[in-house]
Amino acid sequence: MENNNRVFISIYFEDGLTDGRKKRDLTIAFDSKSLLYRKCKGLRSSGIKEFIEINSYKELSENAKMADRSLSNYVKHILKKKLGISE
């Protein structure tokens, strides 16, 4: 079995403490060798929020729920779509 190296990017949300959450960031796991990670690793938190056009945790939660996806899966889905990545 191949050992995939996981890397993480955290996205900070000012309103992240809403709905009983105790932290202000969302941490997203990537395969370190994936094209998506290579394209996103230099964006930082504010760059990713700007890229996905979502600036609040509440908006992210609502959009992910409507799409029937987890928060991190939704963010990765939007990033892939905007970057034209089909992996």
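**Figure 1. The surroundings of Val75 in the predicted model.** Leaving aside residues up to four places away in sequence, Val75 touches Ile11, Leu26, Ile28, Ile48, Ile52 and Leu60. Val75 is one of the residues with the most contacts inside the largest nonpolar core, together with Leu26, Phe30, Leu60 and Leu79. That core has 22 residues. At least two of its residues come from each of E1, E2, H1, H2, H3 and H4, and H4 gives the largest share, 5 residues. As general background, nonpolar side chains in soluble globular proteins tend to be buried together.

Figure 2. H4 runs over residues 71–83. The buried residues here are Leu71, Tyr74, Val75, Ile78 and Leu79. Looking down the axis of H4, these buried residues fall within an arc of 130°, so they line one face of the helix. The spacing has a simple background: an α-helix has 3.6 residues a turn, so residues three or four places apart point the same way. Among the elements that cover the buried residues of H4 are strand E1 (6–12), strand E2 (25–31), helix H1 (35–40), helix H2 (44–52) and helix H3 (57–66). After H4 comes Gly84, with a positive phi near 70°.

**Figure 3. Helix H3, with a buried side and an exposed one.** Tyr57, Leu60, Asn63 and Ala64 are the buried residues of H3. Around the axis they cover an arc of only 130°, which puts them on the same side of H3. Which exposed residues does the face turned away from the buried side of H3 carry? Lys65 and Met66 are found there. The cover over the buried residues of H3 includes E2 and H4. Asp68 follows H3 and has a positive phi, near 55°.

**Figure 4. Two aromatic pairs.** Now for the rings: the count comes to 2 aromatic pairs. In one of them, the ring centres of Phe13 and Tyr57 are 6.1 Å apart and the planes stand at 75°, so this pair is edge-to-face. Phe13 belongs to the loop between E1 and E2, while Tyr57 belongs to helix H3, so the pair ties together parts that are 44 residues apart in sequence. Both Phe13 and Tyr57 are buried. In the pair of Phe30 and Tyr37, the centres lie 5.8 Å apart with the planes at 45°, so this pair is tilted. Phe30 has a relative accessible area of 1% and is buried; Tyr37 is buried as well, with 16%.

**Figure 5. Lysines over phenylalanine rings.** Two of the rings from the aromatic pairs return in this view. Over the ring of Phe13 sits the charged end of Lys49, 5.5 Å from the ring centre. Over the face of Phe30 lies Lys76, at 5.4 Å from the ring centre. Phe30 is also among the residues with the most contacts inside the largest nonpolar core.

Figure 6. Arg44 is not a glycine, yet its phi is positive, about 65°. Where is Arg44 placed? Arg44 is in helix H2. Its relative accessibility is 62%, so Arg44 counts as exposed. Glu53, likewise a residue other than glycine, has a positive phi near 60°. Glu53 is in the loop between H2 and H3. With 57% relative accessibility, Glu53 counts as exposed too.

**Figure 7. The chain behind the close-ups.** Finally, a step back to the whole chain. Its secondary structure comes to 4 helices and 2 strands, and along the sequence they follow the pattern β-β-α-α-α-α. Of the 87 residues of the chain, 33% count as buried. Among contacts between residues at least 6 apart in sequence, 56% join residues at least 24 apart.

Definitions and conventions. Residues numbered from 1 in each chain as written. Predicted model: local features only at pLDDT ≥ 70, side-chain atom pairs only at ≥ 80, totals over all residues. Heavy atoms only, no water. Expected span 1.5 Å × (residues − 1). Buried < 20%, exposed > 50% of the residue type's maximum accessible area, 1.4 Å probe, protein only. Arc of directions from axis to C-beta. Contact = heavy atoms within 4.5 Å. Phe/Tyr/Trp six-rings, centres within 6.5 Å; stacked < 30°, edge-to-face > 60°. Lys NZ or Arg CZ within 6 Å of the ring centre and 35° of its normal. Core = buried A, V, L, I, M, F, W, Y, C linked by side-chain atoms within 4.5 Å.
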